[in-house]
Amino acid sequence: MPDQSSVPNYAGAIAHALNRLRHELPGVLTYHNLYHTEQDVMPAALRLARCYRLDEDEIHLLQVAAAYHDTGYIEAYTGHELASARILSEALPGYHFSAQQIERLVNLILATRLPQSPDNLLEEILVDADLDVLGREDFFEQNEALRNEVLALGKEVSKEEWVRGQVRFVSGHRYFTEEEREKIMGRITPTTGL
């Protein structure tokens, strides 16, 4: 049996991230909030991990990365991924993560920066989970929450400009995992469009 001090405390690390999001995120974040992390990204990452039959250690690492991926919004809107990576790097030694595991988790988070650039399956899964909303029925509701967030942060953008920008983004986006590509193709039909 391994020494308990050398086994990462995955649940504790995740709880730490979610607690920080719950208590420290600015209230104007109507999209990049606890709900996005806990109810969107983490479940989507878990669903994809199971589709690809990842082992338990990889699933745990993916869930930790998903929990921390937007913690940087506590400190900064622009460049939040770097802040998220730093927050994770500072917190996880206290939860018995090795330097190698932390480096892997940092790379997972940094892969979510736009334009996305995943280098392996775990990174592809996290990147796709982060934008899982593009293929969901609640896309328009969540997109309005994102627009409200941008407006609350002081950026003036008309409804027409917003729609044009979102159409460009969605049209140019591609999922990295086959599972997400198949999911989105199953939702687009000649009668429904996107």
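Arg 136 counts as buried, at 19% relative accessibility, because the cut-off for buried is under 20% relative accessible area. This comes from a predicted model. Arg 136 also takes part in a salt bridge with Asp 138, where the closest N and O atoms are 2.9 Å apart.

**Salt bridges**

- The count of salt bridges comes to 12.
- A network of salt bridges links Arg 136 and Asp 138 with Asp 40, Arg 47, Asp 132 and Glu 180.
- Arg 20 and Glu 24 meet through their side chains in a salt bridge of 2.8 Å, N to O.
- Arg 20 and Glu 24 are four residues apart in helix α1, so about one helical turn separates them.
- Glu 24 is partly exposed, with a relative accessible area of 37%.
- In helix α4, Arg 86 and Glu 90 lie four residues apart, about one turn of the helix, and their side chains meet in a salt bridge of 3.2 Å, N to O.
- Arg 86 is partly exposed, with a relative accessible area of 34%, whereas Glu 90 is exposed, with 56%.

**Largest pocket**

- The largest pocket holds about 720 Å³ of space.
- It is lined by 28 residues, and the closest to its centre are His 32, Tyr 73, Tyr 77, Leu 114 and Leu 146.
- Two or more lining residues come from each of α4 (80-91), α7 (139-152) and α8 (159-172).
- Helix α7 gives the most to this lining, with five residues.
- Sorted by class, the lining of the largest pocket has 13 nonpolar, 11 polar and four charged residues.

**Second largest pocket**

- The volume of the second largest pocket is about 200 Å³.
- Its lining has 11 residues, and those nearest its centre are Phe 139, Phe 140, Asn 143, Val 163 and Gln 166.
- The elements giving two or more residues to this lining are α7 and α8.
- The largest share of the lining of the second largest pocket comes from α8, with six residues.
- By class, this lining divides into seven nonpolar, two polar and two charged residues.

**Nonpolar surface patch**

- Val 28, Tyr 77 and Leu 153 form a nonpolar patch on the surface, and together they have about 220 Å² of accessible area.
- Val 28 sits in the loop between α1 (10-24) and α2 (34-51).
- Val 28 is partly exposed, with a relative accessible area of 32%, and the cut-off for patch residues is over 30%.
- Tyr 77, a member of this patch, is also among the residues closest to the centre of the largest pocket.

Note on methods
Residues are numbered from 1 along each chain as its sequence is written. This is a predicted model: local features need pLDDT of at least 70, side-chain atom pairs count only at pLDDT 80 or more; totals for chains, interfaces and linings use all residues. Side-chain values use heavy atoms; hydrogens and water are left out. On a 1 Å grid over the protein atoms alone, a cavity is a set of points where a 1.4 Å probe fits but cannot get out, and a pocket is an open set with protein on both sides within 12 Å along at least five of seven lines; lining residues have an atom within 4 Å of a point. Grid points are joined across faces, edges and corners, and a volume is the space filled by probe spheres set on the points. Ala, Val, Leu, Ile, Met, Phe, Trp, Tyr, Cys and Pro count as nonpolar, Asp, Glu, Lys and Arg as charged, and the others, Gly among them, as polar. Patches are made of residues with over 30% relative accessible area and no salt bridge: like charges are joined within 9 Å, nonpolar side chains (Val, Leu, Ile, Met, Phe, Trp, Tyr) within 5 Å. Accessible areas come from the Shrake-Rupley method with a 1.4 Å probe; for residues, only the protein chains shown count as cover. A salt bridge is a side-chain nitrogen of Lys or Arg within 4 Å of a carboxyl oxygen of Asp or Glu. Buried means under 20% relative accessible area, exposed over 50%, partly exposed in between (1.4 Å probe, protein chains only).
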